[in-house]
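Subject: the structure I promised you

Hi,

Here is the structure I said I would pass on. Have a look at it first, and then read my notes below.

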2 protein chains.
Amino acid sequence: MDFRKFPNISVDCVVMGLDHTGLQLLLSKRTLHMYDDQYPVVDDWVLTGDHVFKSEKLDEAANRIFKLLTGLNTSYYRQFRAFGNPERIKNDRDLLWVKSLGVDTRTISVAYYFALPVEQVKTLAPHSAWYPIQDLPELGFDHREIIQSALLDIQEKVMNDPIIFEFLPDKFTLNELQHAYESILGVEIDNRNFRKKIIAKPYIVSINEKRIGTAKKPANLYMFSKDIFIKTSDKHQIINI
Amino acid sequence: MDFRKFPNISVDCVVMGLDHTGLQLLLSKRTLHMYDDQYPVVDDWVLTGDHVFKSEKLDEAANRIFKLLTGLNTSYYRQFRAFGNPERIKNDRDLLWVKSLGVDTRTISVAYYFALPVEQVKTLAPHSAWYPIQDLPELGFDHREIIQSALLDIQEKVMNDPIIFEFLPDKFTLNELQHAYESILGVEIDNRNFRKKIIAKPYIVSINEKRIGTAKKPANLYMFSKDIFIKTSDKHQIINI
DNA sequence: ACAAAAGTGTTCTCAGTACACCCATGC
DNA sequence: GCATGGGTGTACTGAGAACACTTTTGT
């Protein structure tokens, strides 16, 4: 394994987590001191990324960063776009930062997103934190654009592939599923119609357990059966031009 | 403008054209002679690509290549994925080729596709040709995989965005539109139901012209109105979970 | 007993689907 | 006049949408 890094190729990870308050992003604090220990010249937040090792797959680089951030080995992930315009790095903060790292001022960034329930992350990396997607802090580089692009991509994916379940624990209630759709798509859904439609799907199976804890009336739990989904998936390929 | 090239960053273009026989791809012949002028050591086809200039946007690089290939300045295009595994270049032909060019043996390729009617291309670049997607020649590198990936992406896009019209001339018949869907999605569509559905769309406007020429009965021509599509597009955002 | 979230049914409308024959033109 | 692709209508079915109240539990 060649652990030297490409100075001009990096991977950025948009880690999306869902909890009962909505969609959250995992960001890293970026601080650089130069003249004065009290007043950093760079002090904002960025997506977590790193340059790619010489002998590493792009997917491997993304998962290496994800593991460093969350301690987790696996999660749903998807490479959704590459960003590489020459003027990506335009403001002084970003230039200072890049020079302090000794990498190229023009870097191609291959962007990935990850999807998981927030509760699954037990140990956060230092200097990182969850932020609700509606209320992000000041971001470095073009990372606001990358996040926007990731959100649009996953909104489309959610409508075509069964990835909504990646945001939920294995066992979930119908209301949790509904809130997941509402948070990611930014829409409101009628509860009765939603339940009717979901219960009718063969791959959503009711299990004989209730969610106990904070709720008042215990809610029935369901699971997503990937097997059944795949076996019945020809029926989802409805042509609807 | 800095015309030096990154040795490890390239752009590959999947140029998709549609004609009455179906979906075609524009490929470039790759030939390399070493010992003998009669028997080349490399003799196959590849997607057209090039390394990116130091001061060029990725999108600009893609369009530069596209123009070189087709002589055209504009077309619908989309960056759909980056390919960059270390073992992308594994066979001898590809290694010989890369060494003859003096570029790195590990290159990150940002892949784009373009969509247009075949007839729009008047002047093909030398050593390039259209191939039907069902009948591709021997391909170098991982270009078969890239093509497959492009096809899956555009099939999904066609269902969500009005990009089918990029494959057609401004004025088209309903049957041409139907054949476009059939070629790209690889399905058969009932003609009567299709016409009913399409004519009902406000953004498909019948114009008072007929297609004359080879056909027997002249067919009515239609145009796609992007304006009307955008103004009515809230209605296409149907939630259909 | 009351607060809070879970759960439940009916009616209406509209879009999708299956399906077979006549029409207008060029040759 | 005939071959070729263009063009049309109906009946059925199923899914989506609108809409308000009862149930079960913890406190």
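Predicted model: local features only at pLDDT ≥ 70, side-chain atom pairs only at ≥ 80, totals over all residues.

**DNA strand D**

In total, 22 residues sit around DNA strand D, and those that come nearest are Lys217(A), Arg192(B), Lys216(B), Lys217(B) and Asn220(B). At least two residues each of the surface near this strand are supplied by H5 of chain A and, from chain B, by helix H4 (174–185), H5 and strand E9 (219–224). By class, that surface splits into nine charged, seven polar and six nonpolar residues.

**DNA strand C**

Now for DNA strand C, which has 21 residues surrounding it. Arg192(A), Lys216(A), Lys217(A), Asn220(A) and Lys217(B) are the closest of these. Two or more residues of the surface near DNA strand C come from each of H4, helix H5 (191–199) and strand E9 (219–224) in chain A, and likewise from helix H5 (191–200) in chain B. Here H5(A) has the largest share, again four residues. The classes for the surface near DNA strand C are nine charged, seven polar and five nonpolar.

**How the two chains meet**

What about the protein-protein side? Chain A puts 27 residues in contact with 26 residues of chain B. On chain A, the elements that give two or more residues to this side are strands E1 (5–19), E5 (76–83) and E6 (108–117), plus helices H3 (143–160) and H4 (174–185). The side of chain A that touches chain B holds 14 nonpolar residues, with seven charged and six polar ones.

How are the copies related to each other? Chain A superposes on chain B by a rotation of 180° with 0.0 Å of shift along the axis, at an RMSD of 0.0 Å. The two copies are therefore related as by a two-fold rotation axis. If you want to find that axis on screen, look for Arg81(A): its C-alpha is the one in chain A nearest the axis, 2.9 Å away. The interface tells a matching story, since 93% of the interface residues of chain A are also interface residues in chain B, so the copies meet through the same surface.

**Inside chain A**

Chain A has nine strands and six helices, and it is divided into domain 1 (5–160) and domain 2 (170–236). The C-alpha centres of these two domains of chain A are 30 Å apart. Their contact takes four residues from domain 2 of chain A and six from domain 1 of chain A. On the domain 1 side, strand E2 (22–32) and H3 of chain A each supply at least two residues, and H3(A) has the largest share with three. That side of domain 1 of chain A has four nonpolar residues, two polar ones and no charged ones.

A few overall numbers, in case you want to set up a box. The C-alpha atoms of chain A fill roughly 60 × 40 × 35 Å along the principal axes. Of the 241 residues in chain A, 30% are buried. As for contacts in chain A between residues at least 6 apart in sequence, 71% join residues at least 24 apart.

That's my list. Send me your thoughts whenever you get to it.

Cheers

Conventions:
Residues numbered from 1 in each chain as written. Chains lettered and ligands numbered in written order. Contact = placed C-beta atoms within 7 Å. Nonpolar A, V, L, I, M, F, W, Y, C, P; charged D, E, K, R; others polar. Near = placed C-beta within 6 Å. Least-squares fit on C-alpha atoms with pLDDT ≥ 70 in both. Domains from an automatic or database assignment. Buried ≥ 20, exposed ≤ 12 C-beta atoms within 10 Å, placed from the backbone.
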